[in-house]
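Please keep the sequence and the model in view while reading.

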Amino acid sequence: QLQLVESGGGLVQPGGSLRLSCSASGFTLDSYIIGWFRQAPGKEREGVICIGSGDGRPNWIDSVSGRFTISRDNAKNVVYLQMNSLTPVDTAVYYCAANAADRWGNHCSGDMLRTGNFDIWGQGTLVTVSS
């Protein structure tokens, strides 16, 4: 069974940082495109940032540019989302998602991030930014 598990969420003050982890069971993440998505209360889910397989090139939305980064630790089979300079607007449940590169290609496009067309999803971890 292919599963993703997010961790690292919690309460953080505005201006603070958090690092979320996305770990996998049943498959290795380095052969997959990985995306991070979020859903704020009362809002639709939005794609935040993703990373390609192989080339490792990221793609992200404007609102997180310069604040969020995505990275892989293939030895640990984990993908990280480093979030800095957090604001209350970043409060949401954060999900990681995966697409197999042999089906979708190596690159995570902006369109893939916008549509959220990913095959495997985690259950999410809550991030609350509040003073």
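## A buried arginine and its partners

Arg38 is buried, with a relative accessible area of 6%; here buried means under 20% relative accessible area, exposed means over 50%, and partly exposed is in between, as found with a 1.4 Å probe on protein chains only. This is a predicted model, in which local features need pLDDT of at least 70 and side-chain atom pairs count only at pLDDT 80 or more, while totals for chains, interfaces and linings use all residues. Residues are numbered from 1 along each chain as its sequence is written, and side-chain values use heavy atoms, with hydrogens and water left out.

Which residues does Arg38 pair with through salt bridges? A salt bridge is counted when a side-chain nitrogen of Lys or Arg lies within 4 Å of a carboxyl oxygen of Asp or Glu. One partner is Glu46, with the closest N and O atoms 2.7 Å apart, and Glu46 counts as partly exposed at 32% relative accessibility. The other is Asp90, where the closest N and O atoms are 2.9 Å apart. Arg38 lies in strand E4 (residues 32-39) and Asp90 in the loop between E8 and E9, so this pair ties together parts that are 52 residues apart in sequence. Strands (E, at least two residues) and helices (H or I, at least four residues) are DSSP runs, numbered from the N terminus. Both Arg38 and Asp90 are buried.

Side chains of opposite charge can pair when their charged atoms come close. How many salt bridges does a search of the whole structure find? The search finds four, and Arg38, Glu46, Arg67 and Asp90 are linked in a network of such bridges.

Another salt bridge is formed by Asp119 with Arg103, and the closest N and O atoms of that pair are 2.9 Å apart. Because Asp119 lies in the loop between helix H2 (110-115) and strand E10 (120-121), and Arg103 in helix H1 (residues 101-104), the pair ties together parts that are 16 residues apart in sequence. Asp119 is partly exposed, with a relative accessible area of 40%, whereas Arg103 is exposed, with a relative accessible area of 58%.

## Two disulfides

A disulfide is a covalent bond between the sulfur atoms of two cysteines. When the bonded cysteines are counted along the chain, the disulfides follow the pattern 1-3, 2-4.

The sulfur atoms of Cys22 and Cys96 are 2.1 Å apart and form a disulfide, which is right-handed, with 75 degrees about the S-S bond. Cys22 lies in strand E3 and Cys96 in strand E9, so the link ties together parts that are 74 residues apart in sequence. Cys22 is buried with a relative accessible area of 0%, and Cys96 is buried with a value of 0%.

Cys50 is joined to Cys108 by a disulfide with an S to S distance of 1.9 Å. The torsion about the S-S bond of Cys50 and Cys108 is about -100 degrees, so this disulfide is left-handed. Since Cys50 lies in strand E5 (residues 46-51) and Cys108 in the loop between H1 and H2, the pair ties together parts that are 58 residues apart in sequence. Cys50 is buried, and so is Cys108.

## An open sheet of four strands

Strands of a sheet pair through backbone hydrogen bonds, either parallel or antiparallel. In this model four strands form an open sheet in the order E1-E3-E8-E7, with antiparallel pairing; two strands are taken to pair if DSSP finds at least two bridges between them. Strand E1 (3-7) and E7 stand at the edges, each with a single partner strand, so one side of each is left without a neighbour in the sheet. From one strand to the next, the twist averages 20 degrees, where axes are lines fitted to C-alpha atoms (for helices, over the stretch in contact) and angles run from 0 to 180 degrees between N-to-C directions.

E1 and strand E3 (residues 18-25) run antiparallel and are joined by five bridges. Leu4 has Ala24 as its bridge partner in E3.

## Two residues with positive phi

Asn77 is found in the loop between strand E7 (68-73) and strand E8 (78-83). Its phi is near 60 degrees, a positive value in a residue other than glycine, and Asn77 counts as buried at 16% relative accessibility.

Ser85 is found in the loop between E8 and strand E9 (92-100). Phi of Ser85 is near 50 degrees, again a positive value in a residue other than glycine. Is Ser85 buried or partly exposed? With a relative accessible area of 41%, Ser85 is partly exposed.

Methods: Disulfide = S-S within 2.5 Å.
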